[in-house]
Amino acid sequence: MARKAVLAVCTILGAIVIAGCSTSAEPKIGVLLPEKYNTPDGMVLGPDGNIYLNIPNFSDSNYPAKVLKIDKRDRISEVFTLPKHPETGKAGPLGIDLGPEGNLYIADNQSMYGHNDYKSRLLRVNMKDGKALGCDVLVTGFIQANAVSCHGDSVYVTETSLDTEADPMPSGVYRFRFSEFKGRPIALKPDAKDEHLFVKFLTHSKDWRVGANGMGFDAEGNLYVCNFGDAGLFRFVLDEKGNVKARQLIAKDNGMKSTDGLKIHPKTGDIYIADFVGNAVHKVCPKTGEVTTLWRNHDNSGGIGGLLDRPSEVCIRGNKIYVSNIDLALTGNKYDQPHTISVIKLK
Ligand SMILES: [Ca+2]
Ligand SMILES: [Ca+2]
């Protein structure tokens with residue numbers, strides 16, 4: 001009898017502990033990054049269960065840009081050192097996705113080094129059995145290549161500005177068929193005149209002149225794209241040929257100050273968004289557009305203890321949301337230690 005009573009007490013205590021844990025979305029440090037990996041950004045979950053993470057090292061580019069792997073126990077290891085741009089001497093890997101053949105498609109954003117003169121590129125890191133064999137330049141001539149999504153027979157790349165002088169500022173998404181990548185890199189025509197430009201929209205914000213950013217496809221094949229400066233989220237409904245048949249602004253503001261990287265939950269379809277300006281992570285319901293803020297903290301946390309420090313990207317693995325704290329030294333933020341990937345546990 002006594003033993004049964006003890007078991008019952010333990011069960012009740014266990015239930016209380018579980019209930020207590022599940023109510024808090026407070027981010028913790030998932031990965032503490034050393035100085036040589038000072039600026040984390042794009043992430044993608046691989047079929048092998050590892051998260052592939054881009055490290056552009058913008059804040060201290062004396063360290064080369066890398067692709068890292070975060071294994072199932074949150075340990076990091078190096079996958080690849082990205083080649084330097086032949087003219088700028090830097091690599092700026094932001095968005096990353098896995099192609100159907102297992103290679104990594106990566107946006108090399110040169111605008112973060114002050115180059116808004118068509119220097120950004122799309123790269124492919126060729127993989128075999130989890131090892132990188134080398135890197136090919138697939139497309140040249142972006143102004144601000146950002147997110148990358150592989151879907152069907154194509155790879156999509158957000159172009160965060162199609163004209164850095166224009167107000168309102170145009171930005172958009174380019175689409176390339178995998179079958180086009182043979183021989184020399186595709187050189188985009190300037191001034192938004194290239195036929196690969198797939199969708200285009202405007203950003204009206206005066207504070208953050210940052211356009212098309214995070215991107216992803218849902219299970220039905222709809223394309224979601226963030227409009228960073230206007231804190232908006234678009235859905236593009238595609239027809240059976242892959243052409244856009246409808247454009248819907250499904251969420252805007254509602255507690256969001258910016259919309260940076262996004263991922264779509266494979267089971268629920270909910271859209272998780274990193275809010276760089278707001279130091280927050282939000283969930284958007286694709287049916288209603290309702291925005292739920294999972295976590296927000298004050299600016300200048302430094303990232304201590306896993307608090308957010310200019311989050312730019314999210315990645316979903318199991319019941320965890322991994323958050324890259326890019327920690328760029330822009331308005332209201334100081335680049336500081338620690339450099340972290342935060343983790344928010346979902347209920
Ligand atoms: Ca920091
Ligand atoms: Ca900071």
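With 347 residues, a compact globule would have a radius of gyration near 20 Å, and the chain agrees, since its own value is 20 Å. That radius is taken over C-alpha atoms, and the globule rule is 2.2 Å times the number of residues to the power 0.38. Please keep in mind that this is a predicted model, in which local features need pLDDT of at least 70 and side-chain atom pairs count only at pLDDT 80 or more, while totals for chains, interfaces and linings use all residues. Residues are numbered from 1 along each chain as its sequence is written, with chains lettered from A and ligands numbered from 1 in the order in which they are written.

Taken along the principal axes, the box filled by the C-alpha atoms is roughly 80 × 40 × 40 Å. Of the 347 residues, 44% are buried; buried means 20 or more other C-beta atoms within 10 Å of a residue's own, exposed means 12 or fewer, and partly exposed lies in between, with C-beta atoms placed from the backbone. Among contacts with a separation of 6 or more, 50% join residues 24 or more positions apart. Here, contact means that the C-beta atoms, placed from the backbone, lie within 7 Å.

Now to the secondary structure: the chain has one helix and 25 strands. These are DSSP runs numbered from the N terminus, with at least four residues of H or I for a helix and at least two of E for a strand. Strands pair if DSSP finds at least two bridges between them.

Let us look at one open sheet, where four strands follow the order β2-β3-β4-β5 with antiparallel pairing. Its edges are β2 (43–45) and β5 (76–81), each pairing on one side only. Neighbouring strands of this sheet are turned by 25° against each other on average, direction ignored; the axes are lines fitted to C-alpha atoms. Inside the sheet, β3 (residues 51–55) and β4 (residues 66–70) share five bridges, and asparagine 54 has valine 67 in β4 as its bridge partner.

Further along, β17 (residues 232–238) and β18 (residues 244–252) pair in the antiparallel sense over seven bridges. Valine 237 is bridged to alanine 246 in β18. The two strands form a hairpin with five residues between them, and glycine 242 in the turn has a positive phi of about 90°.

Finally, visit proline 338, in the loop between β24 (320–325) and β25 (339–345). Proline 338 is partly exposed because 17 other C-beta atoms lie within 10 Å. Leaving aside residues up to four places away in sequence, proline 338 touches Leu32, Gly303 and Ile304. Its C-alpha atom is 6.8 Å from that of glycine 302, 36 residues apart along the chain.

How values were computed
Axes fitted to C-alpha atoms, helices over the stretch in contact; angles between N-to-C directions. Contact = placed C-beta atoms within 7 Å.
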